[in-house]
Amino acid sequence: MRARSYGAVSAALLALVAVGCGSRLPESEFTDRPTGPEQPADTSPLKVGIIASETSPVGGEAFTGPRDGARAYFERLNSQGGIGGRKVEVHTCDDGGSGVGNNECVRKLVDEQKVVALVATTTLDYAGAPQVSEAGVPDIGGQPIGPAYDTYPHLYSIYGSLAPRKGGKAGWDGKQYGGTEVYRYFKREHGARTAAVISYNQAASAGYAQLITRGLRAEGYKVVTEQVDLSLPNFRAVAADLKEQGADLVFDAIDSHGNAQLCKAMDQVGAKVTAKVTNAQNWNSGVLEDYADAPRCRNALWVTGSSRNYQDPGSGAAKEFRDAMKGSDRRLSQWQLEGWAAAMWFADAAKSCAGQEEGVTRECVDAFMRRGEPYDARGLLVPVVFEQRPEPPRTRRTCLSVARWQDAEGWVTEGGDMNENCFEVPQLPYEQ
C-alpha cells in the first residue's frame with residue numbers, strides 16, 4: 001500500500017503537536033462541531049481486459065475457454081453487487097493468434113481502456129508481454145503457452161512460477177523447468193514402460209513435447225517421438241508407427257481437433273494403448289462428439305493438470321462453476337474452470353484493495369499477487385505460489401490432478417484428491 005499523501009501526513013503531525021501542547025478550551029467545546037460532507041462512494045466500474053486468440057490458426061475454440069470462464073465469473077460477481085459496490089467491466093480482445101495483433105490488443109486495453117488488470121490471457125504469441133510488464137499491469141491467471149510468464153514481472157500464470165522474472169531471458173538463463181510427476185504416476189499406477197510423444201512442428205508445441213520427452217526418459221521410459229505438420233498432419237502414419245512400436249502410453253502437445261484425428265487413426269489401424277494422455281486444454285465435455293469415430297481410443301483418454309476436475313461431484317466450488325455455466329451454448333471445459341479461477345483471483349486481490357485509502361489500483365492488485373502466499377481459488381487449484389528464486393530447484397514436491405474419460409460417466413477423477421496425489425520429482429530444464 002502506498003504512503004499517505006503529504007497533506008494527510010502534515011495534518012496528522014499538526015494534530016499531534018496540538019495534543020502535546022494542550023488546549024485552552026475544555027473538551028466539551030469540540031463534541032458538537034459540524035463535520036464536512038461525506039465523500040460519495042466510488043461506484044465507477046473496474047475495468048479488466050481479457051486477450052484471447054479467438055481466430056488463431058489452430059481453430060476458433062482452441063484458446064477461448066479461459067475467457068469464457070472468466071466472463072462467467074464476472075457476470076456472477078456483478079449480479080451479487082460487484083466489488084465494494086463497483087461492477088467489473090470486462091473488455092475482450094481477439095489478437096488473431098499473431099504478435100502484431102497481440103501488441104494491438106495490449107495497446108487498446110492497457111493504454112486506451114486503462115484496465116486495472118488483465119485476466120485469463122490465452123494467446124498463441126504473447127508479443128505484447130514486455131509492454132504489459134513495463135506498464136506495471138498485473139496479468140492474472142494466464143495460460144503459459146509461451147515463455148512470457150517465466151520471463152517478465154507483473155505476469156502471473158495460472159500455474160505459478162519460481163523463476164526470477166526480471167525480463168530478458170526466460171526462466172533461469174533461458175531455461176525453464178518442469179517436473180516428472182505425470183510419468184511417475186503412470187509408472188507407479190499402471191506399470192507403463194514405453195511412451196510415445198506427439199507434437200506439431202510449432203515452437204510452443206515442440207517445446208512442450210521436448211519437456212515431456214525428457215521427463216519420460218528421466219523416469220526410465222522408452223520414448224517414441226512423432227512430429228506432424230500443423231497445417232497438413234498425417235495422423236494415420238503416426239498411429240501405424242505407434243502400433244508397431246508397442247507404446248503403452250501416448251502423450252501429446254496438440255490441440256483438441258488434432259487429438260480427435262489421432263484417436264480416429266489409432267482405432268482405424270488397431271493401435272491399443274493403456275492410456276492416451278492429454279493436457280488440460282483438451283479436458284472438455286465434447287468427447288463423445290469429438291471422438292465419435294474412435295470408441296476404443298476415447299475410453300482410453302486420460303488428462304492431467306493442476307486444477308480440480310470440473311466434474312468433481314464432491315467440490316462445492318466446481319459445482320458453483322458448473323451452475324454458472326448452465327445455459328451456455330459452449331461445452332464445459334477445464335480451461336473454462338481455470339479462467340473462472342483466474343477471475344476469482346483478481347476479485348480476491350481487488351477486494352483486499354477496496355478498503356484501502358487509494359482503492360483498487362494496478363499497484364495494489366500487483367502487491368496482492370506477489371505477496372508470496374499460496375493461492376488455491378477455493379480449492380479449484382493446486383496451491384499456486386510465485387517466488388523469485390535465484391537458482392532453479394533440483395527437485396520439488398508436486399501434486400497432480402488426474403481424470404479418465406468413461407462414456408457412461410464423463411470425466412472421472414483418478415488417483416485420489418489432487419492435493420494428496422503428490423510426488424517428489426526432479427525438475428528438468430527445457431527451452432521454448
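User: Let's start with the whole fold. What share of the contacts with a separation of 6 or more comes from residues 24 or more positions apart?

Analyst: Keep in mind that this is a predicted model. It has 13 helices and 15 strands, and its C-alpha trace spans about 100 × 45 × 45 Å along the principal axes. Among contacts with a separation of 6 or more, the share from residues 24 or more positions apart is 70%.

User: And how much of the protein counts as buried?

Analyst: To count as buried, a residue needs a relative accessible area under 20%. Across the 432 residues of the protein, the buried share is 51%.

User: Let's zoom in on helix α6. How far does α6 reach from its first C-alpha to its last?

Analyst: Helix α6 covers residues 203-218, which is 16 residues. At 1.5 Å a residue you'd expect 22 Å, and the value in the model is close to that. From first C-alpha to last, α6 reaches 23 Å.

User: What sits at the start of α6, and which residue's side-chain oxygen reaches the backbone nitrogen of Ser205?

Analyst: Ser205 is one of the buried residues of α6. Its backbone nitrogen has a side-chain oxygen within 2.9 Å, at the start of the helix. Beyond the other end, α6 is followed by Gly220, with a positive phi near 90 degrees. The residue that supplies the side-chain oxygen at the start is Gln202.

User: Now helices α11 and α12. Are they roughly parallel or roughly perpendicular?

Analyst: Two packed helices are described by the angle and the distance between their axes. The axes of α11 (316-325) and α12 (334-354) come within 11 Å and cross at roughly 105 degrees. Angles of 65 to 115 degrees count as roughly perpendicular, so α11 and α12 are roughly perpendicular.

User: How do the residues of that contact divide into nonpolar, polar and charged?

Analyst: From α11 come Glu320, Phe321, Ala324 and Met325, while α12 brings Gln336, Leu337 and Trp340. Sorted by type, the residues of the contact divide into five nonpolar, one polar and one charged.

User: Is Asn282 buried or exposed?

Analyst: Asn282 lies in the loop between β10 and α9. Leaving aside neighbours within four places in sequence, Asn282 touches Asp252, Ile254, Asp255, Ser256, Asn259 and Trp411. A polar atom of the Asn282 side chain also lies 3.2 Å from the backbone oxygen of Ile254. Its relative accessible area is 4%, which is under the 20% cut-off, so Asn282 is buried.

User: How many Å separate the C-alpha atoms of Gly84 and Trp340?

Analyst: Gly84 is in the loop between α2 and β2 and is exposed, at 66%. Trp340 is one of the α12 residues in the contact with α11. Gly84 and Trp340 are 256 residues apart along the chain, and their C-alpha atoms are separated by 20 Å.

Note on methods
Residues are numbered from 1 along each chain as its sequence is written. This is a predicted model: local features need pLDDT of at least 70, side-chain atom pairs count only at pLDDT 80 or more; totals for chains, interfaces and linings use all residues. Side-chain values use heavy atoms; hydrogens and water are left out. Helices (H or I, at least four residues) and strands (E, at least two) are DSSP runs, numbered from the N terminus. The expected span of a helix is 1.5 Å times one less than its number of residues. Buried means under 20% relative accessible area, exposed over 50%, partly exposed in between (1.4 Å probe, protein chains only). A polar contact is a pair of N or O atoms within 3.5 Å; within protein, one must be able to donate a hydrogen and the other to accept it, and residues adjacent in sequence count only if both atoms are side-chain atoms. Contact means heavy atoms within 4.5 Å. Axes are lines fitted to C-alpha atoms, for helices over the stretch in contact, and angles run from 0 to 180 degrees between N-to-C directions. Angles under 35 degrees count as roughly parallel, over 145 as roughly antiparallel, 65 to 115 as roughly perpendicular and the rest as oblique. Ala, Val, Leu, Ile, Met, Phe, Trp, Tyr, Cys and Pro count as nonpolar, Asp, Glu, Lys and Arg as charged, and the others, Gly among them, as polar.
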